[in-house]
Amino acid sequence: MPHLAALLRVARRLTLNPTFAEDLVQETMLLAWRGFRGFQTGTNARAWLFRILFNAFHGEGRKQAPEVESSTFVNARQQEAVEISEALAALPIEQRTVLLLCVVEGFTCREVAGILDLPTGTVMSRLSRARQELRSSLAPLAKEAYR
């Protein structure tokens with residue numbers, strides 16, 4: 001299962017809950033297995049699996065993700081990772097989804113448009129807004145770190 005780790009990574013960011021993420025990936029793999037006859041040989045299997053993941057995510061009414069638990073860490077790098085995770089979690093789900101697929105998973109805007117069934121321009125706009133929002137929310141933290 002070559003794409004399992006990537007599916008789980010994105011599912012964790014979508015659901016903001018490791019247990020829900022594992023359930024979502026398990027459901028995705030089950031749906032892929034059941035619908036394998038619908039897979040077209042020669043097409044992008046990775047994109048096909050991610051489309052199933054997002055359909056399952058939205059189909060189960062999981063749009064409203066639970067709150068992220070805040071933890072206290074002594075290590076500065078860990079604190080930085082927490083702040084970045086919180087900034088990602090604060091993004092609207094539509095922007096977070098596009099950012100994860102384009103930046104973290106390396107899909108092109110065109111591939112993301114196919115996965116999410118959106119126009120390419122919408123994907124590009126959401127990606128731009130997500131990046132701008134992250135810059136805005138992380139900039140004060142960066143200034144603080146360099147004082």
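This is a predicted model: local features need pLDDT of at least 70, side-chain atom pairs count only at pLDDT 80 or more; totals for chains, interfaces and linings use all residues.
**Helix H2**

- The buried residues of H2 are Ala21, Leu24, Val25, Thr28 and Ala32.
- Viewed down the helix axis, these buried residues fall within an arc of 95 degrees, so they line one face of H2.
- An α-helix has 3.6 residues a turn, so residues three or four places apart point the same way.
- The face turned away from the buried side of H2 carries exposed residues, namely Thr19, Gln26, Trp33 and Arg34.
- Helix H1 (4–15) and helix H3 (45–59) are included in what covers the buried residues of H2.
- At the start of H2, the backbone nitrogen of Thr19 has a side-chain oxygen of Asn17 within 2.9 Å.

**Nonpolar core**

- The largest nonpolar core has 35 residues, of which Phe50, Leu53, Phe54, Leu101, Val112 and Ile115 touch the most other members.
- At least two residues of this core come from each of H1, H2, H3, helix H4 (76–90), H5, helix H6 (109–116) and helix H7 (120–145).
- H3 gives the most to this core, supplying eight residues.
- Both domain 1 (1–72) and domain 2 (77–147) give residues to this core, which therefore lies between them.
- Apart from neighbours within four places in sequence, Leu53 is in contact with Leu7, Val10, Ala11, Leu14, Leu24, Val25 and Thr28.

**Thr97 in helix H5**

- Thr97 belongs to helix H5 (residues 93–104).
- With a relative accessible area of 4%, Thr97 is buried.
- A polar atom of the Thr97 side chain lies 2.7 Å from the backbone oxygen of Ile93.
- Neighbours within four places in sequence aside, Thr97 is in contact with Leu14, Phe54 and Leu116.

**Loop residues with positive phi**

- Leu16 lies in the loop between H1 and H2, and its phi is near 60 degrees, a positive value in a residue other than glycine.
- Leu16 has a relative accessible area of 22%, and is therefore partly exposed.
- Asp117 is placed in the loop between H6 and H7, and its phi, near 55 degrees, is likewise a positive value in a residue other than glycine.
- Asp117 counts as exposed, because its relative accessibility is 58%.

Conventions. Residues are numbered from 1 along each chain as its sequence is written. Side-chain values use heavy atoms; hydrogens and water are left out. Helices (H or I, at least four residues) and strands (E, at least two) are DSSP runs, numbered from the N terminus. Buried means under 20% relative accessible area, exposed over 50%, partly exposed in between (1.4 Å probe, protein chains only). A polar contact is a pair of N or O atoms within 3.5 Å; within protein, one must be able to donate a hydrogen and the other to accept it, and residues adjacent in sequence count only if both atoms are side-chain atoms. Contact means heavy atoms within 4.5 Å. The arc is that of the directions from the helix axis to the C-beta atoms. A nonpolar core is a set of buried Ala, Val, Leu, Ile, Met, Phe, Trp, Tyr and Cys residues joined through side-chain atoms within 4.5 Å. Domain bounds come from an automatic or database domain assignment.
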